[in-house]
Amino acid sequence: MAVNNSLAKQQNKKMDFGMYLTQDAAKQQINKLLGGQAGTRFISSIVSAVQANPVLQECTNTSILSAALQGEALKLSPSPQLGQFYMVPFNNKKKEVKEAQFQLGYKGYIQLAKRSGVYKKLHVISIKEGELISYDPLEEELEVSLIEDDLLREVAPTIGYYAMFREHNGYEHSMYWSKKKMMAHADRYSAAFNAKDLERLERGEIPEKDLWKYSSFWYKDFDAMAHKTMLRQLISKWGTMSVEMVQAIDADMAVIREDGTADYVEAEETVKDNVVAEQEAETTKQKQPVQESAESPETSVEDDFFNQ
């Protein structure tokens, strides 16, 4: 029985992601989109992203590759430091496997908007305590007095968020959300976030031993997630969207299949060791949970990939 169990575990063991990329099926999928030096760069960046985020290593190899290819098709980088897009692990309850979802970062929105050539100006900013004088949503007029000292401004509490765009044709639009409204939005659409917990965290009331439970980026960098929300709301509702932007928003928070279709899987929340961006599920009223941790490093395969 022990021998049979051991054999079953070996058979069910997930293939190393680096080795998977050397398989013919993976090569063909990548070569449909790119090759040569571009392929080498892609392989290097995707393997580095997986190595930097071990939580991805339990996801199916096909979903990781498809999420990365979606980002590559949009000419965005998977580097967590750049924050253009993320490959976020979720549990697919129906298939009983972990899959990587493509998730657009707020800097990805900015890149796509700039690239479209439509926007003359695009801006999003956190408004700090004491800066807001008035905001008229009917006239879209914001009056603020910004803190001049950058260091003081950086540590000042955030009270709201402002975003605006101006297109080359002269059309412009802006919006302001209070932090209270943003917290209510995150509380409604993010499975890993609770507004009361954020308030407790900001007051230092969470015991150090429990801090690992609050690794969602809504807790780690609320302002960055709020900036993404503002840009998404602003551009998708009032802006002119390029084909690339429509494609990116449609693919956001989905598992991308090999045929290019998007599958919005239901996921199960786990939180420990979560170091990737949290989902902003604005396309559904049902909260979708987060990611799980994994183990084992990946190996470099750029040279082997194109050595046919």
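A: Helices here are DSSP runs of H or I with at least four residues, strands are E runs of at least two, and both are numbered from the N terminus. The model is predicted, and the description below should be read accordingly.

The sheet is open and consists of three strands in the order S3-S6-S7, paired in antiparallel fashion. Its edges are formed by strand S3 (119–128) and strand S7 (172–178), each of which pairs on one side only. From one strand to the next, the twist averages 10 degrees. The antiparallel strands S3 and S6 (residues 158–167) are joined by nine bridges, and within S6 it is Met164 that stands opposite His123. Helix H11 (residues 222–238) packs on this sheet and touches S3, S6 and S7. The direction of H11 makes about 35 degrees with that of S6.

Attention may now turn to helix H7, which spans residues 150–155 and contains Val155. Val155 has a relative accessibility of 65% and therefore counts as exposed, the cut-off being over 50%. Although 27 residues separate Val155 from Lys128 in sequence, their C-alpha atoms are 9.1 Å apart in space.

A further surface feature is a nonpolar patch formed by Leu132, Val144 and Leu146, which together have about 200 Å² of accessible area. Leu132 belongs to strand S4 (residues 132–136). Leu132 is classed as partly exposed because its relative accessible area is 30%, between the limits of 20% and 50%.

Definitions and conventions: Residues are numbered from 1 along each chain as its sequence is written. This is a predicted model: local features need pLDDT of at least 70, side-chain atom pairs count only at pLDDT 80 or more; totals for chains, interfaces and linings use all residues. Side-chain values use heavy atoms; hydrogens and water are left out. Patches are made of residues with over 30% relative accessible area and no salt bridge: like charges are joined within 9 Å, nonpolar side chains (Val, Leu, Ile, Met, Phe, Trp, Tyr) within 5 Å. Accessible areas come from the Shrake-Rupley method with a 1.4 Å probe; for residues, only the protein chains shown count as cover. A salt bridge is a side-chain nitrogen of Lys or Arg within 4 Å of a carboxyl oxygen of Asp or Glu. Buried means under 20% relative accessible area, exposed over 50%, partly exposed in between (1.4 Å probe, protein chains only). Two strands pair if DSSP finds at least two bridges between them. Axes are lines fitted to C-alpha atoms, for helices over the stretch in contact, and angles run from 0 to 180 degrees between N-to-C directions. Contact means heavy atoms within 4.5 Å.
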